[in-house]
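Here's a friendly walk through one structure, done as questions and answers. Each answer sets a value against its cut-off and then draws the conclusion.

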Amino acid sequence: MDKTTKLTVLTGLTIGISALVLVAFGNPTNMGFCIACFLRDISGSLDLHRAPSLQYARPEIFGLVLGSFIVASIKKEFKATSGSSGVVRFFLGFLMMSGALVFLGCPLRMVLRLGGGDGKAIFALIGFTLGIALGCYFLNQGFTLGRSYTQKKENGTIFPFICLLLAVLCLLGLIGKPEEEAHAPFFLSLLLAMGCGVIAQRSRFCMVGGIRDYILFRDKHLFLGSFALFVVVLIGNIILGNFHFSVSLTNSIWYTLSMALVGLSGALLGGCPLRQLILAGEGNGDSAITVLGMIVGAAISHNFGTASSPKVVTAGGKIEVIVGLVFCTILAIVIINKQKKELNV
Amino acid sequence: MIEVDARGLSCPIPVVKTKKALSGKPEKATVTVDNVAAFENVTRYAKAMKYEVESKISGEDYILYLTKK
């Protein structure tokens, strides 16, 4: 195993162990780490939606961004960039969140749920893989969101700064309703997430990238990181008595399609929700816009009732997933055709 | 000499472009990227495709010289 693969595997293990610890100290079961759920809660903490018990400004998100920011700065990899189809990225982030809230989990939580014995995550994984495969087809056809450009430093530092500010406001109890929501202690969440942010920045860990790079280049190193995450969570859940296998076909098609939307939008964006946070911490303004799209997507999903509950996938959610898949496909075809025309000119 | 300009492009586009450039198995190719992740990814892919990789930093850019082994 080469050094890069070892680091990716170590990242998977670190995130998995952190998730287990966070659950042991108060985070909801199988939700030690979920980027979509935590961004949804942050959206609620800012009153962008009013869903009860979903309004805690989760420090894990701020920790990931700040960890990435710190290590990228130390390693001289921090670079303020943007200009690569910001508005398109906003809506792809929006749709990525919409899909995740129909399944109730980002790719990270999908693996955590799988490791906890939740059979619904199997359907989600199938959909996620199919979505990425479709994204890979578009990438091979020439899909690109275009190049970014170096910007003034403040364009890159503002996002980590806002994360720090929100973390302080959360600690002071000025935003969110932590008393309504199960959560681990603030500093434990923040520090563990910072550690994960540091190592994820170094390894370029990405749940979309794991499957995408194998399909495109037969490169397994990112995939092995995701696999390590699954294994450690599975073993941890069995040891801690949190492994409860269950499987049901109810709504399975919607879990498949919703995560296909997450996989497809993630492939077009170039990374999963976690990777977007890490990139935003490195100064990538396009990823910061994607994260903002996800936060708005969470608000809309709850304000218009398209987000699922643990047992019910709503009609609105189903429509949103279909519309999202059609939107991404049309977008990809339009961009590919435009690229081909430009190359022929 | 095949030249690939992948500056400003996010993952995995620099590697996709490199893959296309190397599909005809050229003896030499040059790939220019401007971030460390792309530099690492292109290097790993080129080595897997049996190319020797030499690189130099020019301002904000990383220039990779790929030579078939």
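**A covered helix and its surroundings**

Helix 1 of chain B is mostly covered, with seven of its 10 residues buried. Keep in mind that this is a predicted model.

Q: Which residues of helix 1 of chain B are the buried ones?
A: They're Ile13(B), Pro14(B), Val15(B), Val16(B), Thr18(B), Ala21(B) and Leu22(B).

Q: What does Ile13(B) touch, leaving out residues up to four places away in sequence?
A: Ile13(B) touches Leu139(A), Phe143(A) and Thr144(A). Contact here means heavy atoms within 4.5 Å. As for Val42(B), it sits 29 residues from Ile13(B) in sequence, and the two C-alpha atoms are 9.9 Å apart.

Q: Where does helix 1 of chain B lie relative to the strands of chain B?
A: Helix 1 (residues 13-22) lies across strand 1, strand 2 (28-33), strand 3 and strand 4, and it runs at about 170° to strand 1 of chain B.

**The sheet in chain B**

Q: What is the strand order in the open sheet of chain B?
A: The four strands go 1-2-4-3, with mixed pairing.

Q: What makes strand 1 and strand 3 of chain B edge strands?
A: Strand 1 (2-5) and strand 3 (51-58) each have a single partner strand, so one side of each has no neighbour in the sheet. On average, neighbouring strands of this sheet are turned by 15° against each other, ignoring direction.

Q: How do you know that strand 3 and strand 4 of chain B pair?
A: Pairing takes at least two bridges, and eight join strand 3 to strand 4 (residues 61-68), so they qualify, running antiparallel. Within that pair, Ser55(B) stands opposite Leu64(B) in strand 4 of chain B.

**Salt bridges**

Q: How many salt bridges turn up over all chains?
A: A search of the whole structure finds 16.

Q: What makes Asp34(B) and Lys79(A) a salt bridge?
A: The N to O distance is 3.9 Å, and the rule asks for within 4 Å, so the pair counts.

Q: Why does the pair of Asp34(B) and Lys79(A) join two chains?
A: Asp34(B) lies in the loop between strand 2 and helix 2 (36-48) of chain B, while Lys79(A) lies in the loop between helix 3 (59-74) and strand 1 (81-82) of chain A, so one partner comes from each chain.

Q: Are these two partners buried or exposed?
A: Asp34(B) is at 10% relative accessibility, so it counts as buried. Lys79(A) is at 18%, which is also under the 20% limit, so Lys79(A) counts as buried too.

Q: What is the N to O distance in the salt bridge of Lys79(A) and Glu60(B)?
A: Their side chains meet at 3.9 Å, N to O. Glu60(B) lies in the loop between strand 3 and strand 4 of chain B, so this pair joins two chains as well. At 45% relative accessibility, Glu60(B) counts as partly exposed.

Q: How do you know that Arg7(B) and Asp5(B) form a salt bridge?
A: Their N to O distance is 2.9 Å, which is within the 4 Å limit, so they pass. Arg7(B), at 30% relative accessibility, counts as partly exposed, and so does Asp5(B), at 40%.

Q: Why is Thr5(A) called buried?
A: Its relative accessible area is 7%, under the 20% cut-off, so Thr5(A) is buried. Thr5(A) is found in helix 1 (residues 3-24) of chain A, and it touches His221(A) and Leu224(A), not counting residues up to four places away in sequence.

Q: What makes Lys311(A) exposed?
A: Exposed means over 50%, and Lys311(A) is at 74% relative accessibility, so it counts as exposed. Lys311(A) lies in the loop between helix 13 (285-303) and helix 14 (315-344) of chain A.

Methods. Residues are numbered from 1 along each chain as its sequence is written. Chains are lettered from A and ligands numbered from 1 in the order in which they are written. This is a predicted model: local features need pLDDT of at least 70, side-chain atom pairs count only at pLDDT 80 or more; totals for chains, interfaces and linings use all residues. Side-chain values use heavy atoms; hydrogens and water are left out. Axes are lines fitted to C-alpha atoms, for helices over the stretch in contact, and angles run from 0 to 180 degrees between N-to-C directions. Buried means under 20% relative accessible area, exposed over 50%, partly exposed in between (1.4 Å probe, protein chains only).
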